[in-house]
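Visitor: Please take me through the helices of this model. I would like a close look at how one pair packs, and then at some others.

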Amino acid sequence: MVKVLSFRFLKMEWWGIFSLGFLVGLFLLLQGTAALLENDKQALLDFVNQLPHLHTLNWDANSSVCKNWTGVGCNEDGSRVIALRLPGVGFNGPIPNNTLSRLTALQILSLRSNGINGTFPMDFGNLKNLSYLYLHYNNFSGPLPFDFSVWKNLTSLNLSNNRFNGTIPSSISGLSHLTSLNLANNSLSGTIPDLLLPNLQLLNLSNNNLIGTVPKSLQRFPKNVFIGNDMSLLDYPVSNSSIVSLPQQPNTKFKNDGKLSERALLGIIVASSVIGILGFGFLMVVCCFRRKKEDGLFPGKMEKGDMSPEKAISRSQDANNRLVFFEGCNYAFDLEDLLRASAEVLGKGTFGMAYKAILEDATTVVVKRLKDVGAGKKEFEQQMEVVGSIKHENVVELRAYYYSKDEKLTVSDYFSEGSVSAMLHGKRGDNRIPLDWETRLRIAIGAARGIARIHSENGGKLVHGNVKSSNIFLNSKQYGCVSDVGLSSIMSSLAHPVARAAGFRAPEITDTRKATQPSDVYSFGVLLLELLTGKSPIHTTNGDEIIHLVRWVHSVVREEWTAEVFDLELLRYPNIEEEMVEMLQIAMSCVVRMSDQRPKMCEVVKMIENVRPTSLENQLPSEGKTETSTPRAAATPVPETQSDSQ
């Protein structure tokens, strides 16, 4: 008996020691993580305090480096700084030693378009996790680093438009992940090493002092990436270059007959002149045509969904205007970055065309080019300031805007999963994952809270004006999140009456042309009906009959509450009939014809919360809680994405 008790006592003692050790280890781990972030923070402060700069940064030692500091990005758990983007800040001087090199988790570093000078920082060898390095348009000089193999993860390297000299290190050949290399407009000399880079897609070595010939490993690139050097490109493969064939030398017969030689020469001159004139005329016609086609933001091959990266805004844009960012936004790009960004057309909506723009540091945003803006600059800016001040997890945050005489742009986060409209009404097939009832509840409560928050802004007078499923997205917690806030009030008029708008807009909009908070409630009611029925606000039957969703639901409800209303995809889930019926009642109260009989959005929120009070309240924060932003989803192409495309 004594032995058994002793064994149990020892077992409990060892378990206690193990538990204590685990807690101590966890505590030390958390302390270590906090210490690493604090070290990163101090390294950034040392850097900015020791390097003179023209523009003030909001780097406050007492604020969170991961949430509030301009240009700083952290990993998902907020334990380390992994991105630093500070283009055009006005830095002047060499990078101080032992500052940025202490950011050992750094993956993205962009210091382009500054006045940084001195040699390439040798202590950058400590940044072994670097994937993207952008130091172009500075005044760096001296040789390039000898050993690039320390940055094994390097994917994109741009050191162009500096004063680097010396040779191109052959160690670059060891960067197996490298997809983009730009060393143009420096003073590099010597021959080009044989760079065996199978993943390299973009290369520019132009305008240096390079000599010799192009190695075979790089002859897949066009001739113009090597021009402006002391290299012989005469033997460069014609198929990969734009070299025009040189005229053949005249044969002996032409040389012996002086008159024939002169005639041949005259014929060549005349033919060349005619071809030149015709070519110039053709070029002028093409330029005029393209000028018309490219007059605006992100022009180009819209039917294919992409564009020329160098032509993102109208040629007549006012150079004195700039992107205006809102407080708390940690993006650090400028209008020039958008000019250089690759872009994809997402869709045309009520208030303009939307584009997915991928910047050089892989930041992905949505740029909307607004059309028919009736507000002047002051009124436009005031409205943008109101909208940009909204920080709520169920409202897509407006990051920046741009105003000039010819262009009005808004910039917001990109959501790769697409809109609720795409999720509900996209192609239905074997590969499609249907939205379950739980997800639809989350969409409804999130969107309701977002709109309620919008209605509380500007002294309780702010109106969304364009509530519909194509302007609702899922945030990081998979709850509804509302975009395109407050644009209706700055337009010359509410969009012209079109069939696609009639389905979600309140009846009174047809007469007044003015959106109101009650009309937002009506539009939200249509969203609820879409979630319940799986049908678009306006759709057609097999017999091409046009059906208005609200009218159709009214006709079914007048007969009886029947399963005909609900989406067939929802009928597979058990024990949700009562919740669906209750949600249908809420939707019907929102879409009543008389605007003064509709509930307020704050009341709608409470009604939806009561559909499943325990579950929703446990999973959602209280209405008073706000967050600085909704985390962006990964930047991956999708068939239908962020645009109010209905």
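Guide: What follows looks at a helix pair and then at two further helices. The model is predicted.

Start with the pair. Helix α12 covers residues 577-590 and helix α13 covers residues 601-609. Their axes come within 10 Å. They cross at roughly 165 degrees. Angles over 145 degrees count as roughly antiparallel, and α12 and α13 are therefore roughly antiparallel to each other. The crossing of the two is right-handed. On the α12 side, the contact is made by Met583, Ile586, Ser589 and Cys590. On the α13 side, Val604, Met607 and Ile608 make it. Of these contact residues of α12 and α13, six are nonpolar and one is polar. None is charged.

Now α5, residues 377-388. This helix has 12 residues. From first C-alpha to last, α5 reaches 16 Å, close to the 16 Å expected at 1.5 Å a residue. Its buried residues are Phe380, Gln383, Met384, Val386, Val387 and Gly388. An α-helix has 3.6 residues a turn, so residues three or four places apart point the same way.

Last, α10, residues 517-533. At 1.5 Å a residue, its 17 residues should span 24 Å. The end C-alpha atoms of α10 are 24 Å apart, which agrees. Helix α10 is mostly covered, with 15 of its 17 residues buried. Gly534 follows α10. The phi of Gly534 is positive, near 75 degrees.

How values were computed: Residues numbered from 1 in each chain as written. Predicted model: local features only at pLDDT ≥ 70, side-chain atom pairs only at ≥ 80, totals over all residues. Heavy atoms only, no water. Axes fitted to C-alpha atoms, helices over the stretch in contact; angles between N-to-C directions. Helix = DSSP H or I, 4+ residues; strand = E, 2+ residues; numbered from the N terminus. Parallel < 35°, antiparallel > 145°, perpendicular 65-115°, else oblique. Left-handed = near helix turned anticlockwise from the far one by under 90°. Contact = heavy atoms within 4.5 Å. Nonpolar A, V, L, I, M, F, W, Y, C, P; charged D, E, K, R; others polar. Expected span 1.5 Å × (residues − 1). Buried < 20%, exposed > 50% of the residue type's maximum accessible area, 1.4 Å probe, protein only.
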